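These are my notebook entries on a structure I looked through, written up in the order in which I looked things up.

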Amino acid sequence: SATPPDTTSLKVWLIDYNASAGTLTAVDSTITCLDSLAPYYEFNGMSTTATYLVKAQSLDVTSSMVGASGFVPTYGASSPHWSGAANIVHTGGTDVQNITMVYGTVPAGPGFIGGLITSGAGKNTASDIPAVHMLVFLKNTATGILSQTYTDATGAYSFSSIAYGSYVIYPEVMGYATTVSATITLSASHASQTAVNFKQYTGSKTVKPIVNGIATLPTAAAFSVYPNPTAGSLNVKWNEQATGKADVTVTDITGREVYQSVIDIAATSGNTSINLPVLSNGVYFVKIKSETINFTEKLTVQH
């Protein structure tokens with residue numbers, strides 16, 4: 001329904017929906033073939049006393065790229081969420097469920113949203129573990145789904161290069177009820193929001209936001225940090241600033257502090273170097289703050 005994919009192949013899952021037990025279980029999958037130039041799928045040998053859902057994901061490598069405009073995983077008939085999918089009550093014979101893939105378009109810009117998702121029973125925090133490879137949607141408060149990404153091995157996710165505007169984050173987990181994040185408004189003075197964190201409660205089968213925080217980016221080029229990306233050494237340059245001392249902190253996208261120091265701004269303009277600790281590759285934020293300074297810059301660490 002949007003930009004033609006570079007391949008018409010999709011992977012389709014057959015999901016058993018047991019309403020009484022409240023479970024969703026993927027029981028089969030297939031790769032589509034072409035029938036009259038349209039992608040076609042088929043499953044055979046299912047139980048005649050079951051209810052099913054189907055879910056499709058494009059195998060196209062360009063228009064389905066995570067974090068960019070493209071086709072998002074879609075449940076039949078055309079829903080990005082399992083809770084809005086059409087049920088197939090199979091009693092025998094042949095059932096037909098067409099799927100219209102949802103296409104999201106990301107407005108380009110300098111904005112950034114990121115956070116962390118953990119998983120646990122909800123009884124305490126000591127047993128929480130990263131929620132790995134969880135599907136996360138970026139949604140526009142006006143038009144709906146814009147794009148998707150997946151959490152990494154640490155449970156972290158991020159969306160970058162997005163336009164100023166209002167957004168919500170929606171983790172999608174089959175069989176879990178999601179509470180969306182608070183509305184995130186990005187602007188020239190608030191171009192980045194980190195620590196949009198969630199917890200997956202395995203006991204109650206829910207995913208809920210736990211932390212929201214805003215990192216404010218500068219509106220003028222009074223400060224700069226370079227090189228960016230960096231392998232560990234960083235220069236801080238400033239112009240026309242009040243003299244004194246300033247706190248320098250580096251945080252990851254969950255808001256966790258990984259570095260802290262104090263720099264001496266002995267002149268209104270100058271330059272100083274700092275050596276960061278050994279950090280994993282990824283996105284971080286450099287924050288410089290004093291009584292007269294409130295500067296934040298996105299930093300990429302790349303070894």
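Which strand gives the most to the lining of the second largest pocket? I looked this up and found that β14 does, with five residues.

**Ground rules.** I am working with a predicted model, where local features need pLDDT of at least 70 and side-chain atom pairs count only at pLDDT 80 or more, while totals for chains, interfaces and linings use all residues. I number residues from 1 along each chain as its sequence is written, and side-chain values use heavy atoms, with hydrogens and water left out.

**The chain as a whole.** I noted zero helices and 27 strands in the protein chain; helices (H or I, at least four residues) and strands (E, at least two) are DSSP runs, numbered from the N terminus. Of the 303 residues, 42% are buried, where buried means under 20% relative accessible area, exposed over 50%, and partly exposed in between, with a 1.4 Å probe and protein chains only. I then looked at contacts (heavy atoms within 4.5 Å): among those between residues at least 6 apart in sequence, 60% join residues at least 24 apart.

Rolling a probe the size of a water molecule over the atoms shows where empty space is left. On a 1 Å grid over the protein atoms alone, a pocket is an open set of points where a 1.4 Å probe fits, with protein on both sides within 12 Å along at least five of seven lines, and lining residues have an atom within 4 Å of a point. The volume is the space filled by probe spheres set on the points, which are joined across faces, edges and corners. For the second largest pocket I wrote down a volume of about 570 Å³. Its lining has 24 residues, and those closest to the centre are Asp-152, Thr-154, Ala-156, Ile-253 and Gly-282. I also noted that β13 (144-150), β14 (156-162) and β26 (282-289) each supply at least two lining residues. By type, the lining divides into eleven nonpolar, ten polar and three charged residues, where Ala, Val, Leu, Ile, Met, Phe, Trp, Tyr, Cys and Pro count as nonpolar, Asp, Glu, Lys and Arg as charged, and the others, Gly among them, as polar.

**Aromatic pairs.** How many aromatic pairs does the structure hold? I found four; rings of Phe, Tyr and Trp (its six-membered ring) pair if their centres lie within 6.5 Å, and planes under 30 degrees apart count as stacked, over 60 as edge-to-face and the rest as tilted. One of them joins Phe-112 and Phe-285, whose ring centres are 5.3 Å apart and whose planes stand at 65 degrees, so this pair is edge-to-face. Because Phe-112 lies in β10 (residues 108-120) and Phe-285 in β26, the pair ties together parts that are 173 residues apart in sequence. I checked burial too: Phe-112 is buried at 2% relative accessibility, and Phe-285 is buried at 0%. Tyr-157 and Phe-159 also make an edge-to-face pair, because their ring centres are 6.3 Å apart and their planes are at 65 degrees, and both residues are buried.

**Two residues and what they touch.** Gly-67 is in the loop between β5 (50-58) and β6 (70-72), and I noted that this glycine is partly exposed, at 25% relative accessible area. Not counting residues up to four places away in sequence, Gly-67 touches Val-106, Ser-147, Gln-148 and Phe-159. Thr-118 lies in β10 and counts as buried at 17% relative accessibility. Leaving aside neighbours within four places in sequence, the contacts of Thr-118 include Asp-128, Pro-130, Phe-198 and Gln-200.

**Backbone angles.** Most residues other than glycine have a negative phi, and most peptide bonds are trans. Which peptide bond ending at Pro-227 is cis? I found that the bond from Tyr-226 to Pro-227 is, with omega near -5 degrees, and that Pro-227 sits in the loop between β21 (223-226) and β22 (233-238). A cis bond also joins Asn-228 and Pro-229, with omega about 15 degrees, and Pro-229 lies in the loop between β21 and β22. Ser-161 is not a glycine but has a positive phi of about 55 degrees; this serine is found in β14 and is partly exposed at 45% relative accessibility.
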